[in-house]
Amino acid sequence: MGSADDADTAESIIDVEGRSVLPGFVDAHTHLVYGGDRAEEFGRRLGGESYEAIFAAGGGIMSTVRATRDSGAEELVEITASRLARMAQAGTTTVEIKSGYGLDVETEARMLEAAALAGDHVGVDVVRTFLGAHVVPTEYRHRRDAYVSLVIEEMLPVCAPLAEFVDVFCDRGAFDLDETRAIVEAGIDHGLRPRLHAEQLAHTGAVDLAVELDAISVDHLDHVTTDQAAAMAGAGTIAVLVPGVTLQMRTDAPDVAALREAGVTMALASDANPGTSNVELMTTVIALGSLLYGMSVEEAVWAATRGGALAVDRPDRGRVSPTDRADLVVLDAPHPVHLSYRVDRRPVYGVIRAGQIRCMVMETER
Ligand code: NIG
Ligand code: FE
């Protein structure tokens, strides 16, 4: 699949008949390993109950923690693989997966193991992140310090060898700046690079801490400020934007214009999870990036490919280049604007991963 000039030396030529070819999608933020679902809670939120109030009453993330703790190792692999298979069919070739629904040593490790096994099973590259500090679990509610110690002293030694990144949900109702700093510094000591859930529910200063600690990315950013955008641009901290959350939490978009103006590198990710974003396909994420965040289609596609690759430290992918891996998506459309224009169609014609055709399906609409 080279240019016309390369046609003589190419091993094989695939005629995609005028369809558009993009780099494989790199989804830089997911919580794909989980038991159960939160459909009932979602219905209540549509009826006016708040995400934070449901969590405070023992639901939300804690209800997924209970369901995940109750899921066996094989069951977790199987259910994660079925999610990954849907994503792979729609063009995701690399995906970041976090732990964070175990919140005990054993289940956190089981989640990270399941992520890798599911990726091997489906044939998607998985990048793993340890998120033992997602929330303080109910049983530690009155002993926060003991939970932070558990994460640092017991979870990290077991989970760090199973992950590349350490993440903390640094936000109102989750972890504060001091707790986040302690956990991230311990993660760095174990060889993990930080990335943070930052400025989602409230403005806390999490971005400033992330920049100070050389985080590779800050994710969500609903409450990011122009000063923070400038600091991120200066430090090269990537903004991972998650419009599926904006859609399903029915919140305002982050200040994407300020990020763009400051020159921040932006990635788009699904944040696939059972609570805030039950969105799996990067084709949908690109559509939402343009429709909800005002990104141009070129900007959204770049953010879902090269931006994602940089955000998960995989510089060998996310663009179509003879020096990079041949991870490619063939759209069943002449231009990627159709992802946003024909928003509810199935827009992927074929997927190639590391030079191998993994599916070429006729979903034609002409
Ligand atoms: O990225 N913000 C924190 N964590 C997830 C939501 C997890 C959940 O609600 O289950 C997120 O939005
Ligand atoms: Fe998340």
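Tutor: Start at ligand 1. In this predicted model, 15 residues surround ligand 1, and the closest are Y51, Y101, Q200, D271 and T276. Keep D271 in mind, one of those closest residues.

Now look at the polar atoms. Y51 places a polar side-chain atom 2.5 Å from an oxygen atom of ligand 1. For D271 the distance from a polar side-chain atom to an oxygen atom of ligand 1 is 2.6 Å. H197 has a polar side-chain atom too, 3.1 Å from an oxygen atom of ligand 1. How much of the accessible area of ligand 1 does the protein cover? Taken on its own, ligand 1 has 330 Å² of accessible area, and the protein covers 100% of it. And where does ligand 1 sit? It sits in the largest cavity.

Next, find ligand 2. This is an iron ion. Which protein residues are its donors? They are H29, H31, H197 and D271.

Follow the donors along the chain. Their spacing is H-x1-H-x165-H-x73-D.

H29 lies in the loop between β2 (25–27) and α1 (39–46). Is H29 buried or exposed? H29 is buried, because its relative accessibility is 0% and buried means under 20%. H31 has 3% relative accessibility, so H31 counts as buried as well. The histidine side chains also pair up. The side chains of H29 and H31 make a polar contact of 3.2 Å. Another polar contact, of 3.1 Å, links the side chains of H29 and H197.

D271 is in the loop between β9 (266–268) and α12 (282–293). Its relative accessible area is 1%, so D271 is buried. The backbone is worth a look here. Most residues other than glycine have a negative phi. D271 is not a glycine, yet its phi is positive, at about 55 degrees.

Compare another loop residue with a positive phi. A354 is in the loop between β11 (348–353) and β12 (356–360). Its phi is near 45 degrees, a positive value in a residue other than glycine. Buried, exposed or partly exposed? A354 is partly exposed, because its relative accessible area is 40%. D271, by contrast, is buried at 1%.

Step on from the D271 loop into α12, the helix that ends it. How many of the 12 residues of α12 are buried? Nine, written as 9 of its 12, so the helix is mostly covered. Among the buried ones are M282, V285, I286, G289 and Y293. An α-helix has 3.6 residues a turn, so residues three or four places apart point the same way. In α12 the buried residues also include A287, L288 and S290. Just after α12 comes G294, with a positive phi of about 70 degrees.

One last stop brings two glycines together. G60 is in the loop between α2 (51–56) and α3 (61–69). With a relative accessible area of 1%, G60 is buried. G60 and G275 are 215 residues apart along the chain, but their C-alpha atoms are separated by 6.7 Å.

To recap, keep two residues in view.

Methods
Residues are numbered from 1 along each chain as its sequence is written. Chains are lettered from A and ligands numbered from 1 in the order in which they are written. This is a predicted model: local features need pLDDT of at least 70, side-chain atom pairs count only at pLDDT 80 or more; totals for chains, interfaces and linings use all residues. Side-chain values use heavy atoms; hydrogens and water are left out. Donors are N, O and S atoms within 2.8 Å of the metal (3.2 Å for Na, K and Ca); water is not among the atoms, so sites may look incomplete. Buried means under 20% relative accessible area, exposed over 50%, partly exposed in between (1.4 Å probe, protein chains only). Helices (H or I, at least four residues) and strands (E, at least two) are DSSP runs, numbered from the N terminus. A residue is near a molecule or strand if one of its heavy atoms lies within 4 Å of it. A polar contact is a pair of N or O atoms within 3.5 Å; within protein, one must be able to donate a hydrogen and the other to accept it, and residues adjacent in sequence count only if both atoms are side-chain atoms. Accessible areas come from the Shrake-Rupley method with a 1.4 Å probe; for residues, only the protein chains shown count as cover. On a 1 Å grid over the protein atoms alone, a cavity is a set of points where a 1.4 Å probe fits but cannot get out, and a pocket is an open set with protein on both sides within 12 Å along at least five of seven lines; lining residues have an atom within 4 Å of a point. A molecule sits in a cavity or pocket if more than half of its atoms lie within 2 Å of its grid points.
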